[in-house]
Amino acid sequence: MSRRDDRRKKVEEAFAEFRVAVSAALGAVSREHRLLAEERAQDMFELIVRGEGVDKALNDPVLQPALQNPRFRERLLGVLRDREHAFREWTDNGPSRLARLVEVANSPASLPHEDWLGKPGHHDGSEGVPELWRVGTGVVPSAPEQQPFPVAVPLLDHSHLHVMSTVDTRSTADTLVENLLLRVLSHFQPGLVHVHVWDVNQLTGSLPGLYPLTRAGLLTVHDPSRLQEMLDELSDHIRRVHTKVLVDGHLTLHSVSNEGRRTEPWHVAVLFGNRQPLREEHQQQLQRVARNGLASGVQLFIVDIPITVNSPVETIRLHDNGTAACTMTGKHVTVTIDPALPRAKVPRACAAIAEKREERRNRMGAFADLTREPHWTENAATCVLAPVGFDDGEPVCVRLGDTSPHALIGGPSGSGKTNFLYAMLGSLAARYSPDELELYLLDFKEGVSFAQFAPGLKDKSWLPHARLVGVNVNTDREFGVALLKFLADEMRRRADAAKRHEVTKLEQLREEDPEGRWPRIVAVIDEFQYLFGERDQVTAQATQLLEDVARRGRSQGIHLVLSSQDVAGIEGFWGKSAIFEQFTVRIALPKARRVLAEPGNDAAVELPRWHAVINHDSGVKPGNEIARIPDSTTKGTFDLLQNVLWNRDHSKPPSLFDGSRTPLLDELPDFLDLGPGDPNPTILLGQVIDVAGSAAKVRLARTPGRNIAVIGSVVEDAAAVLGGAAASLGRQHEPGEATFSLCCLVDEALPNARHLEKRLVAAGHTVNLIRVDGVRELLDDTARQINSFITGTAETPPKPHYLVLYAVDAAHTLLEQKDPTTRASGVDSLRTVLKHGPENRTHVLGWWRGVQRLKSSLSPGVYDDIGAWVAFDVQGKELLSLGPEQVMAWSPRPQRGLFFDRFEHSRPQVVIPFDTREEVL
Ligand SMILES: Nc1ncnc2c1ncn2[C@@H]1O[C@H](COP(=O)(O)OP(=O)(O)OP(=O)(O)O)[C@@H](O)[C@H]1O
């Protein structure tokens with residue numbers, strides 16, 4: 001080998017070495033490059049899959065090759081792992097939690113139709129209203145596992161429903177609406193949901209399965225051309241609910257019925273459109289209905305009408321593929337609307353609902369329906385509400401509260417006023433406990449229609465709410481005044497308490513003073529026109545008190561219910577618009593005059609028998625509600641309820657004022673309270689006409705004038721007063737401490753005097769029964785004794801001595817005779833006793849049979865020695881010299897006396913003499 005060749009070879013070898021080295025270097029670079037490119041491709045893949053969303057990416061045809069490429073597998077698995085991790089909480093708990101939320105126990109609101117379709121509902125709203133109503137099944141397509149869950153929407157009181165469909169999915173929209181309506185209709189008791197349907201395209205045809213409801217008035221199908229009419233109807237309903245039901249601070253029916261069962265039905269209005277906007281005026285009115293409807297129980301289902309509403313609304317959009325999205329679940333949930341209910345079963349279910357409703361309508365209407373259990377569960381903080389009758393099977397209520405404080409009831413004799421009052425009182429008494437409601441019941445009618453409420457001889461039960469029952473009050477108009485006075489005092493007591501708590505109304509007072517007992521008071525005066533029957537002091541007082549209570553009682557929870565045969569005749573009452581305007585609740589029985597607004601509201605003229613117009617708007621026509629009033633007075637109605645309530649609480653019997661009964665002295669609390677110890681004893685002369693049934697009292701202080709005169713010709717009246725007076729004194733002295741001289745000057749009074757003698761002797765007192773032959777001696781001796789006290793010659797201090805003189809004037813001639821030696825007459829002695837006796841513990845309780853006869857016993861023109869008197873059959877003007885000018889108004893009436901105590905009274909009082917016979921006990 002040449003040197004040249006050798007060099008060449010070496011060069012070639014070197015080149016080969018170089019090439020190997022270069023290619024080795026180049027190979028490493030390209031591998032590096034390839035690896036980098038692959039990594040970048042995987043990053044890009046992950047970025048795209050994550051960016052696009054794993055679900056979308058998995059279905060993206062462009063990405064399919066990459067998704068299949070094993071080189072990206074790891075990255076895809078990583079993304080899927082992350083997604084699963086992110087969904088873990090939802091996958092584990094989400095669907096089951098939703099299912100639980102949507103489920104309402106035993107309710108068509110969530111159960112499958114097999115459980116309820118065809119069975120009319122029974123809920124009356126008192127146990128709450130389902131918040132969500134099922135519409136279909138949802139899935140989250142993006143979730144790793146497609147677990148279905150129920151989808152429900154809020155409805156009644158909470159939200160309207162807006163459904164938008166496409167041409168192909170309109171039937172699904174119909175299904176959705178029908179299903180929801182059937183769920184709602186089948187949950188509540190028939191009658192509590194009314195459906196209105198308007199379809200822009202069809203006169204009939206929409207929701208045909210619901211048609212059987214029309215015969216029960218639960219479905220109204222509106223003419224396509226008369227949308228206005230339906231919207232007007234809904235607007236009127238909303239207005240009515242606002243003025244009638246949403247009172248006393250309630251803003252929604254929902255909050256009203258939180259206090260009990262739902263009384264106002266829901267109105268569900270379904271509007272089917274054609275995806276075109278409504279005419280502007282309809283659009284606006286629909287928006288108004290939507291805005292105010294939910295609070296008043298008006299619910300809209302708006303289908304295929306583009307509309308924006310300024311109130312809660314749930315929207316369901318149906319897509320062409322048959323699925324839906326709704327605002328409740330958001331865009332990530334695909335909803336499949338529940339399939340249509342079995343075709344044949346829907347009309348049958350609606351027929352069953354209609355039938356039940358009819359049955360209820362016919363069945364509801366008895367007194368027992370007004371007064372169902374549970375009893376005593378209502379709260380009277382804002383008002384008292386009583387169903388009094390039925391309209392189409394639905395209860396019609398009377399409400400007494402701050403905005404409708406007092407009620408006026410009118411109807412001719414026999415039209416059912418008393419029966420109405422029984423219905424109202426029964427309903428109130430069943431709903432409110434005696435701690436929530438007190439009743440004061442006064443009946444001016446002759447007869448005893450309110451006697452039922454007080455314990456009687458046969459039926460010992462009473463109405464536990466009754467605090468006062470006044471019967472046979474027809475001649476004792478003063479008792480009406482006494483009741484009004486009592487209410488006025490109670491009103492002031494409540495106002496003072498409210499002031500102390502810095503509030504103004506009863507409702508607030510109850511909140512501020514939860515421990516206090518602040519029931520609402522309802523005072524009923526039947527035939528109240530008697531109260532204003534004459535132009536006298538009683539009418540004047542009654543008018544003034546009534547005005548006071550009517551105006552200011554409302555905020556203190558004091559309500560008046562006045563009833564009369566002839567409201568038209570009560571001029572004094574109608575003239576006083578200040579009173580009359582307060583009686584915003586008007587109840588007219590058939591043929592009642594003047595109770596409702598006249599002219600313009602003659603609803604009472606046409607009213608059938610046993611019906612009433614109930615009007616809470618001062619009698620103007622739009623406020624009329626007509627109700628059939630159940631029989632509430634025959635046996636087995638009110639009496640039965642009273643017995644049930646009485647058995648529950650008979651701790652406090654009411655005070656009973658019975659104008660036909662004579663009060664028994666030995667039962668009178670004021671008499672039983674008397675006892676020895678008071679140096680100035682109190683005498684009881686009879687019972688005054690007041691709410692407490694208190695006694696007419698005179699304190700026998702040791703001051704001049706503390707003698708009592710009874711004036712009148714009837715021995716029983718006079719003897720009852722003298723007997724009551726002496727017996728009450730007997731109770732206040734220890735045995736032997738006082739002397740009673742009973743001087744009986746006419747035979748007719750002898751049994752009474754003897755009876756009194758027996759009573760006093762039995763109590764251990766010294767009693768002398770003297771007849772006419774001893775009267776002179778008694779008076780002369782007593783006068784002498786008194787003179788010895790006056791002149792200071794007496795040996796012992798004066799002891800109580802009471803001279804009970806029956807028919808003093810019968811001895812007048814005898815007493816006029818003068819003593820031949822002293823020239824003093826018996827009349828002089830009597831005058832001395834009257835004049836100086838009281839200071840020396842000697843008092844005369846005397847009966848004179850006429851005013852002139854009394855005056856003859858007194859020093860001429862000086863009548864001060866008689867400080868207190870009770871007059872019976874004496875005209876007022878005759879009494880003028882003995883009392884204030886008000887005595888002029890007195891017209892005598894049987895068994896009633898006029899009582900005046902110069903020391904205590906500014907005006908006289910009417911008293912009822914006692915029955916003093918102990919043996920009647
Ligand atoms: N809703 C009714 N259903 C059945 N019977 C009724 C109804 N209302 C009243 N009655 C009956 O009619 C009669 C008269 O009724 P009620 O005494 O209530 O009338 P009134 O208006 O108070 O009459 P008056 O003023 O003469 O007492 C009673 O026998 C009563 O039982």
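1. The shell around the ligand comprises three nonpolar, 10 polar and three charged residues. Of the 16 residues in this shell, Ser413, Gly416, Thr418, Asn419 and Trp610 come nearest to the ligand. These assignments, like those that follow, rest on a predicted model.

2. An open sheet is built from 10 strands, arranged in the order S23-S22-S31-S30-S29-S24-S28-S27-S25-S26, with mixed pairing. Its edges are formed by strand S23 (695–699) and strand S26 (766–770); each has a single partner strand, so one side of each is left without a neighbour in the sheet. From one strand to the next, the twist averages 25°.

3. Within this sheet, strand S27 (residues 801–806) and strand S28 (residues 842–848) pair in the parallel sense, over five bridges. His801 has Thr842 of S28 as its bridge partner.

4. Helix H19 (residues 715–731) packs on the sheet and touches strand S22 (682–688), strand S24 (708–711), strand S25 (739–744), S27, S28, strand S29 (868–871) and strand S30 (897–901). The direction of H19 makes about 135° with that of S22.

5. H19 also packs with helix H20 (residues 750–762), at an angle of about 10° and with the axes 10 Å apart. Because angles under 35 degrees count as roughly parallel, H19 is classed as roughly parallel to H20. On the H19 side, the contact is made by Ala719, Gly723, Ala726, Ala727 and Gly730, and on the H20 side by Asn752, His755, Leu756, Arg759 and Leu760. By class, the residues of this contact divide into five nonpolar, four polar and one charged.

6. A further helix pair is formed by H12 (residues 477–500) and H14 (residues 537–552), whose axes come within 9 Å and cross at roughly 30°. H12 and H14 are therefore roughly parallel to each other, and H12 passes H14 in a left-handed crossing. H12 contributes Arg477, Glu478, Gly480, Val481, Leu484, Lys485, Leu487, Ala488 and Met491 to the contact, while H14 contributes Val538, Gln541, Ala542, Leu545, Leu546, Asp548, Val549 and Arg552. The contact of H12 with H14 has 10 nonpolar, two polar and five charged residues.

Technical notes
Residues are numbered from 1 along each chain as its sequence is written. This is a predicted model: local features need pLDDT of at least 70, side-chain atom pairs count only at pLDDT 80 or more; totals for chains, interfaces and linings use all residues. Axes are lines fitted to C-alpha atoms, for helices over the stretch in contact, and angles run from 0 to 180 degrees between N-to-C directions. Helices (H or I, at least four residues) and strands (E, at least two) are DSSP runs, numbered from the N terminus. Angles under 35 degrees count as roughly parallel, over 145 as roughly antiparallel, 65 to 115 as roughly perpendicular and the rest as oblique. A crossing is left-handed if the near helix is turned anticlockwise from the far one by less than a right angle, and right-handed if clockwise. Two residues are in contact if their C-beta atoms, placed from the backbone, lie within 7 Å. Ala, Val, Leu, Ile, Met, Phe, Trp, Tyr, Cys and Pro count as nonpolar, Asp, Glu, Lys and Arg as charged, and the others, Gly among them, as polar. Two strands pair if DSSP finds at least two bridges between them. A residue is near a molecule or strand if its C-beta atom, placed from the backbone, lies within 6 Å of it.
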